[in-house]
Amino acid sequence: MENKRLGRKEFVALMALMTSLIALSIDGMLPALPQMGVEFAVPSSELPLIISILFLGFGFGQLIFGPLSDVVGRKPPVYVGIVFFMLGSVLAGFAQSMTMLLVGRALQGFGGASPRIVSLALIRDEYSGDAMAQITSLVMTVFILVPAIAPALGQGILFIAEWRAIFIMLFVFSGAILTWFYLRQHEILPKSHRRKLTIKQFVSGARQTLSQPTTVSCMMVTGLVFGIFVGYLGAVQEIFEKIFNVGTLFPMFFGILALSLGGASFFNSRLVMALGMRRLILSAFMGMAIVSNLFAVYLEAFQVGVPPLWLFMGYMMITFFSVGFLFGNLNAMAMEPLGHIAGIGSSILGFVQSTISVIVGSILGVYFHDSITPLVLSFGSISLISLVILMFERRFRKSVSSI
């Protein structure tokens with residue numbers, strides 16, 4: 001007998017936690033990176049591999065699990081993906097070499113792609129338009145609480161155990177999500193709406209996805225912005241501990257910034273129905289471009305090497321608040337034309353976004369370790385580039401002309 005349809009609040013909470021697996025796998029590890037480097041005799045310059053290899057597995061996982069969810073339904077791919085994630089957690093937790101650790105991390109990324117990508121398809125199956133953007137924003141609001149507390153959780157575990165215990169926590173957390181999903185989430189995609197998976201159909205779905213100007217512009221922009229975050233995550237601990245000398249207070253500052261992003265997602269869920277996705281995206285990018293470029297001018301004109309911590313935090317909170325209006329709306333815009341191929345569409349969307357973000361993050365992240373100026377310039381320049389890209393979307397141009 002099929003499970004009853006989830007209530008709105010429980011649906012949002014479950015989708016948010018499914019999405020948060022990857023975030024917890026990244027942010028919960030940040031305080032443990034120095035310990036891993038010491039144990040495996042790896043220089044600090046190579047430690048970002050522990051983060052980027054997860055994104056690599058994540059990108060490929062989206063190509064598999066998205067189309068699979070169109071063939072067998074939404075639920076089975078989530079079961080398989082979370083099992084892969086749990087296997088990766090075990091391998092990484094018991095790794096005796098850096099190579100085995102990276103293999104485990106790649107499996108975590110690969111498996112974690114399933115709940116992430118299928119949750120997008122589930123939301124698209126249930127909602128559309130601005131209502132979908134509202135649900136996506138609510139999911140992001142809950143989801144942001146995870147990266148806000150993840151470094152503190154990881155730091156807390158390190159106070160009583162070694163870094164391997166973090167992977168035990170990830171194993172238990174993913175098992176709990178799997179159980180919840182199995183017991184409570186009903187199968188949304190009926191058998192009559194499932195499609196056989198062939199190379200021809202996948203290529204056709206990819207062609208349809210990439211032929212949508214709205215989808216293409218949104219996936220490019222999201223990849224660029226998220227690329228800054230990939231580089232930021234690989235350098236954030238050094239930024240706070242080496243540049244600003246905050247010591248073990250790093251999780252607190254990291255969490256404050258994450259909460260500012262989450263707060264914006266919450267406000268977005270209230271505003272999007274009244275103002276629409278495109279106006280909020282435009283306002284967010286314009287605000288980020290103005291603040292970032294003015295702050296960059298201040299740093300260069302006054303030759304400020306390291307600004308006061310309060311000033312840096314103020315700038316970052318404003319920037320993260322702006323970003324909080326972007327991801328939910330951009331993903332909703334990208335998925336809006338893809339209702340008939342939600343599984344394949346979301347997989348292509350996620351893969352392209354991840355690929356762009358890893359490339360951009362790997363290039364930019366090299367410059368984030370010793371100075372904050374490259375980080376500020378990245379936010380300022382990419383926000384302007386993103387506005388130019390979005391101008392190719394007809395309805396976005398109309399939103400600009402109506403302001």
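This is a predicted model: local features need pLDDT of at least 70, side-chain atom pairs count only at pLDDT 80 or more; totals for chains, interfaces and linings use all residues.
Reader: Why is the pairing of Arg184 with Glu10 called a salt bridge?

Author: The closest N and O atoms of Arg184 and Glu10 are 2.8 Å apart. A salt bridge asks for a nitrogen of Lys or Arg within 4 Å of a carboxyl oxygen of Asp or Glu, so the pair qualifies. Arg184 sits in helix H7 and Glu10 in helix H1, 174 residues apart, and the pair links distant parts of the chain.

Reader: What makes Arg184 partly exposed?

Author: Its relative accessibility is 39%. Buried would mean under 20% and exposed over 50%, so Arg184 falls in between. Glu10, at 22%, is partly exposed as well.

Reader: How do you know that Glu39 forms a salt bridge with Arg164?

Author: The closest N and O atoms of Glu39 and Arg164 are 2.6 Å apart, and the limit is 4 Å, so this pair is a salt bridge. Here, too, distant parts of the chain are linked: Glu39 belongs to helix H2 and Arg164 to helix H7, 125 residues apart.

Reader: What makes Glu39, Glu162 and Arg164 one network?

Author: Their salt bridges share partners. Arg164 meets Glu39, and the side chains of Arg164 and Glu162 also meet, at 3.6 Å from N to O. That distance is within 4 Å, so the Glu162 pair counts too. Glu162 itself is partly exposed, with 42% relative accessibility. In total, the structure holds four salt bridges.

Reader: How do you know that the length of H7 agrees with its number of residues?

Author: With 21 residues at 1.5 Å a residue, H7 should span 30 Å, and its end C-alpha atoms are 31 Å apart, so the two values agree. The buried residues of this helix include Ile166, Phe167, Leu170, Leu178 and Phe181.

Reader: Which residues touch the most other members of the largest nonpolar core?

Author: They are Leu101, Tyr232 and Phe240, in a core of 125 residues. Helix H9 supplies the largest share of this core, 15 residues. In soluble globular proteins, nonpolar side chains tend to be buried together.

Reader: What is Tyr232 in contact with, beyond its neighbours within four places in sequence?

Author: Its contacts are Ile239, Phe240, Phe254, Leu257, Met316, Phe320, Phe368 and Leu375.

Reader: Why is Ser283 called partly exposed?

Author: Ser283 has 47% relative accessibility, and exposed would need over 50%, so Ser283 stays partly exposed. Ser283 has its place in helix H11.

Technical notes:
Residues are numbered from 1 along each chain as its sequence is written. Side-chain values use heavy atoms; hydrogens and water are left out. Helices (H or I, at least four residues) and strands (E, at least two) are DSSP runs, numbered from the N terminus. Buried means under 20% relative accessible area, exposed over 50%, partly exposed in between (1.4 Å probe, protein chains only). The expected span of a helix is 1.5 Å times one less than its number of residues. A nonpolar core is a set of buried Ala, Val, Leu, Ile, Met, Phe, Trp, Tyr and Cys residues joined through side-chain atoms within 4.5 Å. Contact means heavy atoms within 4.5 Å.
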